Amino acid sequence: MKKMKRVSIVILNWNGARMLRRFLPSVLDNSDGAEVVVADNASKDNSLEMVKSLYPSVRTISMDRNYGFAEGYNKALELVDSEYYILLNSDVEVGEGWLSPMLAYMDSHPEVAACQPKILQYGGAGRFEYAGACGGYIDWLGYPFCRGRMLDTVEQDEGQYDDVAQVTWASGAALMIRREVYWLAGGLDGKFFAHQEEIDLCWRIRSMGYGIVCVPDSKVYHVGGGTLPKSSSIKTYLNFRNNLYMLYKNLPDGRLARVMMCRLLLDALASVHFVIKGDWECFKAIWKAHRDYHRFKELMSEDRKRNLDRTKVPLDGILTHKSLLWQYYVRGRKTYREWFGSYTATDTRESAQP
């Protein structure tokens, strides 16, 4: 019988030849013992040809069309047989010895299903990276934030989050996850296409009773925005729509109705903000997101029922009971430590039993 591999690093690519040429060498140089896989979402550039020519040790998977981030990873990971998957963005440079701390932690904590490294900005002079920083959380209205990044406030890394901490979600830019739990939870939701799909997956994993942590002794450096810039109306649409999808799939009935009423008001205010900025495309994107949420949410009714039936952890053990917007804009608490003080949940045993 063929022995299962320990770790496979899977990089999902779409027209990313330039990023692969720039960052793939760091993955190969600093990931001893791990299989490295590039899964291609039907790129139109020469990505796969370049990888096969310059990096023959890298396994390649070619897909027949662009399935997006979520379904693209699902299709690729079906073909990967390892104890641990690492989902790694193509625009990430990994640090020396980055795998060892995460692997050691996961091996010694079977109650933990997934983890992420500390994610810093590539060329950012020691600043955290927006999409993940030192691990993420979700407030009671569904807004995500991180240790090291609250809304648009991104902190300098001064060692303030150097402890291993229990988090609600780990960034899809560099996500290590047990193969068994990935599929037990249903994998990434292909209906999201891209953006916030890893937050939805992590919510499901946490609700099932598993832990998720950030292991900051491991470091990676992320460019960010490599596919869609932050100002993109497409990104605005996907973020707003997928956040509503996530809430629908995971919130119980009583909480869902109340949260959706609040979100309609707050998203309306966000759309007005875009009008004031003169960004009519993002204004329209928000309302298109709400329209499509109502049009297509019934497609997720079975997912919702399954998620709620599997839930073992109370909602208050997953979501914060305070509002990110209130803390940030009204109380002026713009960092994780200003909000929560020095608290970090390092012990996953009580809240993360498989």
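Modeller: This is a predicted model. A search of the whole structure finds 22 salt bridges.

Biologist: Why is the contact between Arg 59 and Glu 35 called a salt bridge?

Modeller: The closest N and O atoms of Arg 59 and Glu 35 are 3.5 Å apart. The cut-off is within 4 Å, so the pair qualifies. Arg 59 lies in strand E3 and Glu 35 in strand E2, so the bridge ties together parts that are 24 residues apart in sequence.

Biologist: What makes Arg 59 partly exposed, and what makes Glu 35 buried?

Modeller: Buried means under 20% relative accessible area and exposed means over 50%. Arg 59 has 28% relative accessibility, in between, so Arg 59 counts as partly exposed. Glu 35 has 14%, which is under 20%, so Glu 35 is buried.

Biologist: Why is the pair of Tyr 248 and Tyr 293 called edge-to-face?

Modeller: The count comes to 17 aromatic pairs. For Tyr 248 and Tyr 293, the ring centres are 6.2 Å apart, within the 6.5 Å limit, and the planes stand at 70 degrees, over 60, so the pair is edge-to-face. Tyr 248 lies in helix H7 and Tyr 293 in helix H9, so this pair ties together parts that are 45 residues apart in sequence.

Biologist: How do you know that Tyr 248 and Tyr 293 are buried?

Modeller: Tyr 248 has 7% relative accessibility and Tyr 293 has a relative accessible area of 4%. Both values are under 20%, so both residues count as buried.

Biologist: Which charged residue lies over the face of Tyr 248?

Modeller: Arg 304 does, at 5.2 Å from the ring centre.

Conventions: Residues numbered from 1 in each chain as written. Predicted model: local features only at pLDDT ≥ 70, side-chain atom pairs only at ≥ 80, totals over all residues. Heavy atoms only, no water. Phe/Tyr/Trp six-rings, centres within 6.5 Å; stacked < 30°, edge-to-face > 60°. Helix = DSSP H or I, 4+ residues; strand = E, 2+ residues; numbered from the N terminus. Buried < 20%, exposed > 50% of the residue type's maximum accessible area, 1.4 Å probe, protein only. Lys NZ or Arg CZ within 6 Å of the ring centre and 35° of its normal. Salt bridge = Lys/Arg side-chain N within 4 Å of Asp/Glu carboxyl O.
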